[in-house]
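Subject: Structure handover

Hello,

Here is the structure for your work. My notes on what was found in it follow below.

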Amino acid sequence: MQESGLIADDLRHIWHPCTQMKDHEQIPLIPISYGKGVWIYDFEGRGYIDGISSWWVNLFGHANEYITNALTKQAQTLEHILLAGFTHKPIIELSSRLCALLDNRLQKCFYADNGSSAVEIALKMSFHKARLRRQKRHRFLSLKNSYHGETLGALSVGNVKLYKDTYGPILLESLSIDVPSLDSNGEKELLSLKTLLEKMGGEICAFILEPLVQCAGNMHMYSASFIKEACTMARSYGIDIIFDEIAVGFGRTGSMFAYEQCGVVPDFLCLSKGISGGYLPLSVVVTSNEIYQEFYAPYEEGKAFLHSHSYTGNPLACACANAVLDIFQKDDVIASNKKKRDKIVKKLEALKEFKNIKNIRYKGMIFAFDLISTQSRAGLIFFQKALKHSLIFRPLGNTIYFMPPYVISEEEIDFVFEGIGKILRDF
Ligand SMILES: Cc1ncc(COP(=O)(O)O)c(C=O)c1O
């Protein structure tokens, strides 16, 4: 079928996420036929480099042979089994591997099937634990400019106006403090945290944050030392720490998990996105034996944590996740990413010659800059120009970011930056 036919059929019945559908009167939807490595192809055979890892989920390229084989094998054996009262091999293997990767500092995995649900679980567990301890904690604390997902609980602790404002009247009331800028040690923000904790510390269940990079918050990067101090302060009031590593986990910030760079082991670690290499929805909240024990009691005491999703811990997704962990191990991905990152940083720094961009920044395999432009929806214009150079970017406002699958080659990096140069030259 021709692309135009596919587009018309799509628009007849599909309401797309994060989209003003009317935009598609002017901006054509792009039907994708297949992918290979960092490339995805439309139905006319045009290829595009996926510069955003398909919403930050893809780590090892599209149609990755190793993951596909693991998935196929699992599909021939067991596609799904409910996780209440039953278990399966892929999830047992995955859980022990994840805990080993965390040096067994967290030891219990609670699964779901998307990032927002993982956040909901961590919030509910923390609140529930406080209730079991007969504490009067019922609030959550987060950072300004944070994003934790779009279900009501996750939206309540997020702070990006674009997603949150409309739903204000039906959200939980939550507390927030400013996030420091990249070059600050966060002295001012720590002071306001101290003041807030002195007033309300005993009412707060948990402090949730995206360590090192607030991705949906325009790729805002901030220091590990602030995170460490803020978490230590919050903990002194008995507040749980939730690290939302849904976007930054699995090597994105340069270490397997961002918490490793912060000197803080959280009470709840939320993981998703890259966990299955971008193949299938899966998420997990990893927590401690100590927290698990609070819920462990005779049935009649009513202490069980009753949260479930039909596809929780799906075997196909877990098989993909095990394949992802195999690749990390056999290809020494964290080390080889460092070399790629150095090359990308050089290319990025060279963009300083352009006077129409500012705030070049990077962390691990996340690279970003902001457009200086008076045009309305400049980011969207950049997106459209990028398509002409066979590149897929999906800007956040005027922030352009590059978050490629880790399998990107040196030549492909050159290709991306040649394209960016051409776009900026005629912007
Ligand atoms: C930090 C963070 N938390 C939570 C989520 C929500 O995950 P999902 O889109 O799978 O619900 C996202 C999604 O972008 C995210 O970046």
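**Helix H13 and helix H15**

In the contact of these two helices, Lys-340, Lys-343, Ile-344 and Lys-347 of H13 meet Glu-410, Ile-413 and Phe-417 of H15. Sorted by class, the contact of H13 with H15 holds 3 nonpolar and 4 charged residues, and no polar ones. Please keep in mind throughout that this is a predicted model.

As for the geometry, H13 covers residues 333-350 and H15 covers residues 410-425. Their axes come within 11 Å and cross at roughly 20 degrees. Angles under 35 degrees count as roughly parallel, so H13 is roughly parallel to H15. The crossing in which H13 passes H15 is right-handed.

**Helix H8 and helix H9**

H8 (residues 187-200) and H9 (residues 224-235) have axes that come within 10 Å and cross at roughly 10 degrees. That angle makes H8 roughly parallel to H9. On the H8 side the contact is made by Glu-189, Leu-190, Leu-193, Lys-194 and Leu-197. On the H9 side, Phe-226, Glu-229, Ala-230, Met-233 and Ala-234 take part. The contact of H8 with H9 divides into 7 nonpolar and 3 charged residues, with no polar residue.

**Helix H4 and helix H12**

H4 (residues 89-101) packs with H12 (residues 315-330) at an angle of about 40 degrees, and the axes are 8 Å apart. This angle makes H4 oblique to H12. H4 passes H12 in a left-handed crossing. From H4 the contact takes Pro-90, Ile-91, Glu-93, Leu-94 and Arg-97. From H12 it takes Pro-315, Cys-318, Ala-319, Ala-321, Asn-322 and Leu-325. By class, the contact of H4 with H12 comes to 8 nonpolar, 1 polar and 2 charged residues.

**Ligand shell**

Which residues are the closest to the ligand? They are Gly-115, Ser-116, Gly-149, Ile-246 and Ala-247, in a shell of 14 residues that surround the ligand. Helix H5 (residues 115-132) gives the most to this shell, with 3 residues. The shell around the ligand divides into 6 nonpolar, 6 polar and 2 charged residues.

**The chain as a whole**

The secondary structure of the protein chain comes to 15 helices and 16 strands. The radius of gyration of the chain is 22 Å, close to the 22 Å that the globule rule gives for 427 residues, so the chain is as compact as a globular protein of that length. Along its principal axes, the C-alpha trace spans about 65 × 55 × 45 Å.

Regards

Key:
Residues numbered from 1 in each chain as written. Predicted model: local features only at pLDDT ≥ 70, side-chain atom pairs only at ≥ 80, totals over all residues. Axes fitted to C-alpha atoms, helices over the stretch in contact; angles between N-to-C directions. Helix = DSSP H or I, 4+ residues; strand = E, 2+ residues; numbered from the N terminus. Parallel < 35°, antiparallel > 145°, perpendicular 65-115°, else oblique. Left-handed = near helix turned anticlockwise from the far one by under 90°. Contact = placed C-beta atoms within 7 Å. Nonpolar A, V, L, I, M, F, W, Y, C, P; charged D, E, K, R; others polar. Near = placed C-beta within 6 Å. Rg over C-alpha atoms; globule rule 2.2 N^0.38 Å.
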